[in-house]
Amino acid sequence: MLNNSLVDKYNRPGPRYTSYPTVPFWTREPLEKSDWTKTLYKNNKHFDSKDISIYIHLPFCESLCTFCGCHKRITKNHNVENPYLEALEKEWTIYKKILPFDANIKELHFGGGTPTFFPAEKLVRLLQFLFESKQVDPKKHDLSFEAHPNNTTSEHLQQLFTFGFRRLSLGIQDYSPVVQKAIHRFQTFEQVKKVHDEARNLGYTSISHDLVFGLPKQTLTDILDTVEKTLMLQPDRISLYSYAHVPWIKGNGQRGFDENDLPDGETKRELYEKAKMMLEIGGYIEIGMDHFAKKTDEMAIAFQEKRSHRNFMGYTTKNTSLLIGLGASAISDSWFGFAQNEKSIEKYQERIAEGELAIYRGHVLDERDLLVRGYIHDLMCHFETEFQQKPAFENMHQEILDELQELIEDELVVVANQKISVTQKGVPFVRNICMAFDQNLHSNQITEKLFSKTI
């Protein structure tokens, strides 16, 4: 179990490092199309690869889950489907004209919102457009989607499997009826089991269950019961996310319960530690922040071989250097730059209809950004990194070592020569360790309302 004094000491606001620099420190708003395009050409020149990943944001949900921090639109009006799909198709057409090569879609993920808000045939129509109706070999392409157990149909599972999908992620959160009522997210174990078993019987080879700890009204009994039920179904991967309570960012959607319903920091960490212990006893290993997998899963193997990669889609085995985000609020990553689309669905569709990219902000990385990005990426994926021998950045490296000193004294990190390694004791504090590398945090004051707490 974690030392409570360490939790008290390090449980402070900090980034999750989905990107570096993190979004609050991006410097281009607006981001000019020409600046973004230059990073695409730089990517092509540097990596010389035609493999790309595509993330497609499908933002619609029929009901609001009050724990959710995603960009979404709550509606039961399914007339929104066709205009949005047409915008996605047109956006990809624009990108095909801009990209300096004929892209090979190596990896694709449907995220949301609720991707299964759309009927299966419409999702397949979009896929056929993206892949130009070519046969998709699941051994060469990694296709996945997020699924709500309540509206994922047999048609979704069958048609997407036929197209080439082999991975799906089921949003569970917690099985307690009390917690589900608090977060307005309802599904029974039987509903989850039905979708899980049907997917497994069809031949899906990687099924993930997403759990959340620290939810309102959640008790230790609740999380242990949820993990126990999850282990009964034996998913290949399990995400155990910390609930990020950031209503000042996401608005009233996270105000569906009283602040007093949230577990305190010590209780919240106990929820994680006990759940983690159950997962490890159940045969899962920790493969990165908040993520676990069976030892035989390709993600676990990639982690052990230090091949895992992390981008805006999460942890992945496909180390593509270019991620194109399609849809409202979607983020693209060329390694040398980031670009985010308009968050407003109407504004996104309007700009796409005019024949232009819908990007509105982003960041172009300089040499220092790229160096620090590599360090933080390695820490998040492999729990270790190594300083590059670059004389121009010796002072920066020394500043990082100074920032790490307290973490070293608390035995959360070890420094040997130029190599920095996270200890087993330090894994829960990996966000804090990355913060020591973050040049933006060193020169800017963090406010309580900029990031969620780290632990």
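This is a predicted model: local features need pLDDT of at least 70, side-chain atom pairs count only at pLDDT 80 or more; totals for chains, interfaces and linings use all residues.
Arg-307 forms a salt bridge with Glu-305, with the closest N and O atoms 2.7 Å apart; a salt bridge here is a side-chain nitrogen of Lys or Arg within 4 Å of a carboxyl oxygen of Asp or Glu. Arg-307 is partly exposed, at 38% relative accessible area, and Glu-305 is partly exposed as well, at 48%. For these terms, buried means under 20% relative accessible area, exposed over 50%, and partly exposed in between, with a 1.4 Å probe and protein chains only.

Residues are numbered from 1 along each chain as its sequence is written, and side-chain values use heavy atoms, with hydrogens and water left out.

By the salt-bridge rule, the count comes to 27. One of them joins Arg-373 and Asp-333, at 2.5 Å from N to O. Arg-373 lies in helix H13 (residues 367–382) and Asp-333 in strand S14 (residues 331–333), so this pair ties together parts that are 40 residues apart in sequence. Helices (H or I, at least four residues) and strands (E, at least two) are DSSP runs, numbered from the N terminus. Both Arg-373 and Asp-333 are buried. Arg-373 also lies over the face of Trp-335, at 3.8 Å from the ring centre; the rule asks for NZ of Lys or CZ of Arg within 6 Å of the ring centre and within 35 degrees of the ring normal.

Glu-286 and Lys-276 meet in another salt bridge, at 3.0 Å from N to O. Glu-286 belongs to strand S9 (residues 284–288) and Lys-276 to helix H10, and both residues are buried.

The whole structure holds 20 aromatic pairs. Rings of Phe, Tyr and Trp (its six-membered ring) pair if their centres lie within 6.5 Å; planes under 30 degrees apart count as stacked, over 60 as edge-to-face and the rest as tilted. Phe-387 and Phe-437 form a tilted pair, 6.2 Å centre to centre with 50° between the planes. Both of these residues are buried.
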